[in-house]
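My entries follow in the order I made them.

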Amino acid sequence: ALVEHACVLCRDALGSIPETQLVELDGTRMTDLGSARQVLDAALPGVGGQPLRPSFDGPAGILARLREPPASVGRTHIKRRFYLWTDADTLLASSPACFSVLVDAIAGVAAEGEYASDDLLLIQRLVVLGGPELALCHASAHGPLRAWRQTSPWARLTHVPRPGFTALRAC
């Protein structure tokens with residue numbers, strides 16, 4: 001019940017920020033790369049309507065989708081994109097490697113957009129909500145919420161030494 005309440009509060013708070021796109025990822029439906037791709041595809045449709053391929057690279061892969069600028073709403077330019085990933089511990093438990101790669105991709109594309117791109121600035125942030133497994137994941141100095149994956153290019157491309165996640169605890 002506490003996680004659900006936090007989700008509602010986050011959704012309301014983030015959704016009320018002007019010039020912001022809120023991308024809600026239902027973690028209860030994410031158990032592997034295929035299901036994570038389906039959830040992301042539904043929550044963040046592509047500009048051309050092209051479905052995501054079940055890969056990270058390539059023109060129709062997850063990285064390309066994360067890099068797509070948001071469509072403007074009327075005359076409003078979207079300046080921020082928040083990914084609200086509820087029940088993220090579902091994927092962490094069923095496929096830790098997929099969880100790690102997906103967190104790395106979202107955080108890396110956010111850092112790339114801020115520090116290594118000449119495109120119009122889009123601030124992107126990932127909010128992960130879940131149970132105690134996420135707290136343990138964040139506590140690990142080499143885990144996906146505290147360090148780039150060894151094979152990822154983000155530290156080299158962006159000069160950002162590690163992703164900047166902050167853990168919040170319920171009282």
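A volume is the space filled by probe spheres set on the points, which are joined across faces, edges and corners. I note that this is a predicted model, where local features need pLDDT of at least 70, side-chain atom pairs count only at pLDDT 80 or more, and totals for chains, interfaces and linings use all residues. Residues are numbered from 1 along each chain as its sequence is written, and side-chain values use heavy atoms, with hydrogens and water left out.

Second largest pocket. I read a volume of about 320 Å³. Its lining has 17 residues, and Arg-67, Pro-69, Asp-119, Leu-120 and Leu-122 lie nearest the centre. I looked up the elements (DSSP runs numbered from the N terminus: helices are H or I, at least four residues; strands are E, at least two). Those giving two or more residues to this lining are α3 (62-67) and α5, and α5 gives the most, 3 residues. I sorted the lining into 8 nonpolar, 5 polar and 4 charged residues, taking Ala, Val, Leu, Ile, Met, Phe, Trp, Tyr, Cys and Pro as nonpolar, Asp, Glu, Lys and Arg as charged, and the others, Gly among them, as polar.

Largest pocket. I read about 1100 Å³ of space here. Val-127, Val-128, Thr-166, Ala-167 and Leu-168 are the closest to the centre among the 39 lining residues. Two or more residues each come from α1 (2-15), α5, β3 (123-128) and α6 (132-139). The largest share, 7 residues, is from α1. I count 28 nonpolar, 7 polar and 4 charged residues in this lining.

Helix α5. Buried means under 20% relative accessible area, with a 1.4 Å probe and protein chains only.

Val-101. I find this residue in α5. Beyond four places in sequence, Val-101 touches Phe-56 and Arg-149, contact meaning heavy atoms within 4.5 Å. Its C-alpha atom is 9.3 Å from that of Trp-148, 47 residues apart along the chain.

Thr-86. I place this residue in strand β2 (residues 80-86). Thr-86 counts as buried because its relative accessibility is 12%.

Notes. On a 1 Å grid over the protein atoms alone, a cavity is a set of points where a 1.4 Å probe fits but cannot get out, and a pocket is an open set with protein on both sides within 12 Å along at least five of seven lines; lining residues have an atom within 4 Å of a point. Buried means under 20% relative accessible area, exposed over 50%, partly exposed in between (1.4 Å probe, protein chains only).
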